[in-house]
Amino acid sequence: MPLPDEFERIRLWTESRQTADFLLASGVRLGIGDDTAVVGAPAGIEWLLAVDTMVEQIHFRSETMEDADVGYKALASNISDIAAMGGIPAHALISVSVPPAWDFNRMKSLYDGFYECAERYSVAVVGGDTTAAPSDLVVAVTVFGTVEAGRAITRAGARAGHIVFVTGPVGLSAGGLHGMLPSDTARPKPPERLIRAHRRPAPSVKAGRLLLERGWGKSLNDVSDGLASEAWEIAEASGVRLVLKEASLPLSGELASYAADCRVDPLDWMLYGGEDYVLLGTANGEDEAAMREVFRQEGIPLFVIGETEEGPPGVELETERGLRKPLAKRGYNHFAKG
Ligand SMILES: Nc1ncnc2c1ncn2[C@@H]1O[C@H](COP(=O)(O)OP(=O)(O)O)[C@@H](O)[C@H]1O
Ligand SMILES: Cc1ncc(C[n+]2csc(CCOP(=O)(O)OP(=O)(O)O)c2C)c(N)n1
Ligand SMILES: [Mg+2]
Ligand SMILES: [Mg+2]
Ligand SMILES: [Mg+2]
């Protein structure tokens with residue numbers, strides 16, 4: 001059998017993955033197959049638009065991710081940016097640049113991952129682009145979300161006297177990655193939960209919506225580059241200081257024991273590891289009790305990890321003994337100063 005050409009591949013990767021009813025309900029008048037998609041714009045909403053790229057060797061390699069995980073995570077990381085505005089993810093465009101090693105079947109698995117994530121978060125895949133590539137796979141996903149007009153929660157809304165919270169544990173993804181990356185010295189195998197955190201992140205869409213609908217979220221950011229880096233982004237965008245309490249940071253028992261096995265400090269993974277795709281934000285202290293109660297009822301994690309103060313924008317870490325030290329503006333950076 002001859003190998004499918006470009007157009008047959010697109011059809012075979014995407015055909016019959018989402019029902020006509022679902023696409024119609026998502027406002028899609030015209031989906032995959034024409035020069036552009038045509039999507040209805042509901043009254044009273046604003047569009048949230050974001051794109052994120054995953055590059056083989058930089059964001060993943062065969063040792064760290066299964067093929068389907070790459071598709072799942074590429075869409076999940078974009079959905080996380082919509083969650084970080086308090087929005088609802090709605091549509092996605094998928095661009096793939098495909099090297100020879102990613103044959104038809106591997107790409108089909110990648111698309112299985114895309115569509116698994118799309119189904120979980122009710123995202124309509126409305127188009128994309130396909131090219132050949134010389135050696136490594138590049139996947140770029142553009143996501144469109146909706147938010148009630150004027151209500152998006154930005155990084156700039158933190159004020160002195162807020163509490164600082166996160167919507168899930170941090171550092172698990174970095175711990176899992178540590179154990180899966182090739183290394184000269186043998187590393188203990190990470191627990192399944194850490195591997196899963198790295199491969200199948202769960203963006204906090206429900207938490208983002210609660211924070212917006214109840215009016216609790218005053219500033220919000222998702223954790224892609226690491227808690228410290230994202231905290232600095234809120235501090236600088238808002239013009240406040242964030243004080244994070246080391247004892248309140250959500251350290252999972254599994255991460256603690258895996259870090260002990262590896263003889264490393266889990267705090268490094270928690271503060272600087274990244275790819276957690278939880279939300280970091282601030283809220284009024286008076287709302288803390290109600291927030292805790294409703295998040296508990298909804299079964300969504302919420303950890304209060306510090307507070308904000310007036311002063312030159314920055315981030316501090318308060319140790320268990322009450323000593324404060326500046327928290328380095330460090331995290332994953334594609335072009336770290338060298
Ligand atoms: N090449 C680019 N051209 C235009 N805007 C960009 C480019 N790269 C990043 N941005 C914008 O810079 C901001 C920060 O990007 P980034 O750090 O990737 O955000 P995030 O961590 O939320 O994905 C975003 O508003 C993003 O849209
Ligand atoms: C093989 C491999 N090496 C290193 C990493 C770690 N890593 C790569 S990108 C990244 C940060 C998130 O990616 P980025 O492109 O910065 O996303 P954005 O901040 O734009 O959402 C991290 C922690 C990884 N996931 N896989
Ligand atoms: Mg980005
Ligand atoms: Mg983001
Ligand atoms: Mg980044």
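User: Which residues does Asp52 touch, not counting residues up to four places away in sequence?
Analyst: Asp52 touches Ser77, Asn78, Asp81 and Val141; two residues are in contact if their C-beta atoms, placed from the backbone, lie within 7 Å. This is a predicted model, in which local features need pLDDT of at least 70, side-chain atom pairs count only at pLDDT 80 or more, and totals for chains, interfaces and linings use all residues. Residues are numbered from 1 along each chain as its sequence is written, while chains are lettered from A and ligands numbered from 1 in the order in which they are written.

User: Where is Asp52 found, and is Asp52 buried or exposed?
Analyst: Asp52 is found in strand 3 (residues 45–55); strands (E, at least two residues) and helices (H or I, at least four) are DSSP runs, numbered from the N terminus. Asp52 is buried, with 20 other C-beta atoms within 10 Å. A residue is buried if 20 or more other C-beta atoms lie within 10 Å of its own, exposed if 12 or fewer, and partly exposed in between.

User: What does UniProt list Asp52 for?
Analyst: An unreviewed UniProt entry lists Asp52 and Asp129 for "binding site"; such annotations may be inferred rather than shown by experiment. They are spread over 78 residues of sequence yet cluster in space, the largest C-alpha distance being 14.5 Å. Asp129 lies in strand 5 (residues 124–132) and is exposed, with 12 other C-beta atoms within 10 Å.

User: And which residues does UniProt list with Asp81 for "binding site"?
Analyst: The unreviewed entry lists Asp35 and Asp81. They span 47 residues in sequence and their farthest two C-alpha atoms are 26.4 Å apart, so they do not all gather at one spot. Asp35 is in the loop between strand 1 (28–30) and strand 2 (38–39), and counts as exposed with 7 C-beta neighbours inside 10 Å. Asp81 is placed in helix 3 and is buried, with 22 other C-beta atoms within 10 Å. Leaving aside neighbours within four places in sequence, Asp81 is in contact with Ala50, Asp52, Val143 and Asp222.

User: Turning to helix 3, at what angle does it cross helix 4?
Analyst: The axes of helix 3 (residues 67–83) and helix 4 (residues 104–120) cross at roughly 40° and come within 6 Å; axes are lines fitted to C-alpha atoms over the stretch in contact, with angles from 0 to 180 degrees between N-to-C directions. That makes helix 3 oblique to helix 4, the term for angles that are not under 35 degrees (roughly parallel), over 145 (roughly antiparallel) or 65 to 115 (roughly perpendicular).
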